[in-house]
Amino acid sequence: MRLRTAAMVLAGDLLLLELGASAQTERPVRLFPQFVGTWTLDENASTGRLMMAPRVPVTITISTTPTELTVARRLRLHPQDRVSDTPPPEVYRLDGTETWIKDSRTGVTLDRSLRFTLVADMLALTIRDAPRRGGRSFTQVTDALTVDGDVLTLHRQLTSMTDAGAILVMQEPTNNFRHTFIYRRAKG
């Protein structure tokens with residue numbers, strides 16, 4: 001009986017040692033390498049409205065770290081637009097925590113947040129305007145990105161919420177559905 005008890009204690013100790021050793025072994029983190037790089041809009045293959053607001057990127061450059069995904073966009077502007085075609089890069093935290101955009105000139109936090117969500121191997125990147133003062137209504141745009149080889153597909157959905165938490169029907173009928181934009185990996 002003592003021998004059996006000693007053997008069980010020894011086996012338990014070995015199991016604990018093995019579990020401790022495996023807990024100390026670092027597991028690799030996901031860096032989403034298939035998304036990393038510069039992507040160029042293929043206007044002919046895209047079915048979304050090219051002159052929608054917010055403006056569609058002509059190029060998208062994606063980089064990652066173990067904790068963040070950074071997206072730099074060069075926008076397709078209308079001749080009457082009075083904004084830069086290269087807004088500051090968007091930095092999304094991979095843990096899903098919303099980050100607030102700051103004015104690059106003043107450092108002042110703007111009423112706009114960024115959120116990353118991983119959905120069935122798609123990267124869902126949401127830009128949300130903060131609720132108006134005294135209310136809960138807001139607008140947001142979500143870009144769901146997928147990659148197949150050297151093709152990145154961006155599905156864009158626009159949303160406008162009421163104070164009661166209902167989704168409004170968009171005034172522009174095509175904005176009630178996703179807009180799809182196709183990008184090709186830039187050679188270089």
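User: Why is Asp 150 called partly exposed?

Analyst: Happy to start there, and please keep in mind that this is a predicted model. Asp 150 has a relative accessible area of 40%. Buried means under 20% and exposed means over 50%, so Asp 150 counts as partly exposed.

User: What makes Asp 150 and Lys 187 a salt bridge?

Analyst: Their side chains meet at 3.8 Å, N to O. The cut-off is within 4 Å, so the pair qualifies. Lys 187 lies in the segment after S10 and Asp 150 in the loop between S8 and S9, so the bridge ties together parts that are 37 residues apart in sequence.

User: And is Lys 187 buried or exposed?

Analyst: Lys 187 is exposed: its relative accessibility is 72%, and the label requires over 50%.

User: How do you know that Arg 73 is buried?

Analyst: Its relative accessibility is 9%. Since buried means under 20%, Arg 73 gets that label. Glu 90 is buried too.

User: What makes Arg 73 and Glu 90 a salt bridge?

Analyst: The N to O distance between their side chains is 3.0 Å, and the limit is 4 Å, so the pair counts. Arg 73 sits in strand S3 and Glu 90 in strand S4 (residues 90–93), so this bridge ties together parts that are 17 residues apart in sequence.

User: Which other residue does Arg 73 form a salt bridge with?

Analyst: Arg 73 also forms one with Asp 143, where the closest N and O atoms are 3.1 Å apart. Asp 143 lies in strand S8, so this pair ties Arg 73 in strand S3 to a part 70 residues away in sequence. With a relative accessible area of 3%, Asp 143 is buried. Arg 73, Glu 90, Asp 143 and Arg 156 are linked in a network of salt bridges, and the whole structure has 12 salt bridges.

User: Why is Leu 168 not called buried?

Analyst: Leu 168 has a relative accessible area of 42%, whereas buried needs under 20%, so Leu 168 is partly exposed. Leu 168 is in the loop between S9 and S10, and apart from neighbours within four places in sequence, its contacts are Ser 160, Thr 162 and Asn 176.

User: Finally, which residues touch the most other members of the largest nonpolar core?

Analyst: Among its 25 residues, those are Ile 62, Leu 69, Tyr 92, Leu 145, Leu 152 and Tyr 183. Strands supplying at least two residues of this core include S2 (57–64), S3 (68–75) and S8 (138–148). Beyond four places in sequence, the contacts of Ile 62 include Leu 69, Leu 145 and Leu 152.

Definitions and conventions:
Residues numbered from 1 in each chain as written. Predicted model: local features only at pLDDT ≥ 70, side-chain atom pairs only at ≥ 80, totals over all residues. Heavy atoms only, no water. Core = buried A, V, L, I, M, F, W, Y, C linked by side-chain atoms within 4.5 Å. Buried < 20%, exposed > 50% of the residue type's maximum accessible area, 1.4 Å probe, protein only. Helix = DSSP H or I, 4+ residues; strand = E, 2+ residues; numbered from the N terminus. Contact = heavy atoms within 4.5 Å.
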